[in-house]
Amino acid sequence: VKEYYKRAAEMFELDDHGKSNFSKCNLKYAEYCAKDNELQAAIEIFEAEGEKALQNTLLQYGAKDHFFRAGILHLATGDTV
């Protein structure tokens, strides 16, 4: 399932009108990466989506959730934040 979300995110990235769908698929892919113990990949995706959300006034309130998830994963890896 994880690979299908990754492929869908790549396809939506090519479409100029599919940026929100790209983010949704990318976040879902990050969730599955975290469940499969691919924590570093999930951290990078959550942080990148958080940075993108900060650039958009409508999405900036959701950025804290993305950074929170990345922070939790940093703690799970044993990294001191």
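This is a predicted model: local features need pLDDT of at least 70, side-chain atom pairs count only at pLDDT 80 or more; totals for chains, interfaces and linings use all residues.
## Model and confidence

Averaged over the protein, the pLDDT is 89, and 96% of the residues score at least 70. Among the elements of the protein, helix α3 has the highest mean pLDDT, at 95, while helix α1 has the lowest, at 83.

## The largest pocket

The largest pocket holds about 310 Å³ of space, and 13 residues line this pocket. Of these lining residues, Ser 20, Ser 23, Glu 49, Ala 53 and Leu 59 are the ones that lie nearest the centre of the pocket. Three helices each supply at least two residues of the lining, namely α2 (19-35), α3 (39-54) and α4 (63-76), and the largest share, five residues, comes from α2. Sorted by class, the lining comprises four nonpolar residues, five polar residues and four charged residues.

Glu 49, one of the residues nearest the centre of the pocket, also takes part in a salt bridge, in which its side chain meets that of Lys 52. Is Glu 49 buried or exposed? Glu 49 has a relative accessible area of 4% and counts as buried, because the cut-off for that class is under 20%.

## Salt bridges

Side chains of opposite charge can pair when their charged atoms come close.

| Pair | N to O distance | Relative accessibility |
|---|---|---|
| Lys 2 and Glu 38 | 2.6 Å | Lys 2: 12%; Glu 38: 32% |
| Lys 28 and Glu 31 | 3.7 Å | Lys 28: 30%; Glu 31: 25% |
| Lys 52 and Glu 49 | 3.1 Å | Lys 52: 38%; Glu 49: 4% |

The side chains of Lys 2 and Glu 38 meet in a salt bridge with an N to O distance of 2.6 Å. This pair links distant parts of the chain, with Lys 2 in helix α1 (residues 2-14) and Glu 38 in the loop between α2 and α3, 36 residues apart. Lys 2 counts as buried, at 12% relative accessibility, whereas Glu 38, at 32%, counts as partly exposed.

Lys 28 and Glu 31 are both in helix α2, three residues apart, or about one turn of the helix, and their closest N and O atoms are 3.7 Å apart. Both partners count as partly exposed, Lys 28 at 30% relative accessibility and Glu 31 at 25%. Lys 52 and Glu 49 have the corresponding spacing in helix α3, being three residues apart, about one turn of that helix, and there the N to O distance is 3.1 Å. In this pair Lys 52 counts as partly exposed, at 38% relative accessibility, while Glu 49 is buried.

## Cysteines

The count of disulfides comes to zero. Cys 25 is in no disulfide, and the nearest cysteine sulfur, that of Cys 33, is 13 Å away; Cys 33 is likewise in no disulfide, its nearest cysteine sulfur being that of Cys 25. The two sulfur atoms form no disulfide because the cut-off for such a pair is within 2.5 Å, and the distance here is 13 Å. Cys 25 is buried, with a relative accessible area of 11%, and Cys 33 is buried as well, with a relative accessible area of 0%.

Phe 46 is found in helix α3 and is buried, with a relative accessible area of 3%. Although Phe 46 and Lys 28 are 18 residues apart in sequence, their C-alpha atoms are 10 Å apart in space.

Tyr 61, by contrast, is exposed, with a relative accessible area of 65%, and has its place in the loop between α3 and α4. Between Tyr 61 and Gly 50 the separation is 11 residues in sequence and 9.7 Å in space, C-alpha to C-alpha.

Key
Residues are numbered from 1 along each chain as its sequence is written. Side-chain values use heavy atoms; hydrogens and water are left out. On a 1 Å grid over the protein atoms alone, a cavity is a set of points where a 1.4 Å probe fits but cannot get out, and a pocket is an open set with protein on both sides within 12 Å along at least five of seven lines; lining residues have an atom within 4 Å of a point. Grid points are joined across faces, edges and corners, and a volume is the space filled by probe spheres set on the points. Helices (H or I, at least four residues) and strands (E, at least two) are DSSP runs, numbered from the N terminus. Ala, Val, Leu, Ile, Met, Phe, Trp, Tyr, Cys and Pro count as nonpolar, Asp, Glu, Lys and Arg as charged, and the others, Gly among them, as polar. Buried means under 20% relative accessible area, exposed over 50%, partly exposed in between (1.4 Å probe, protein chains only). pLDDT is the predictor's confidence in each residue, from 0 to 100.
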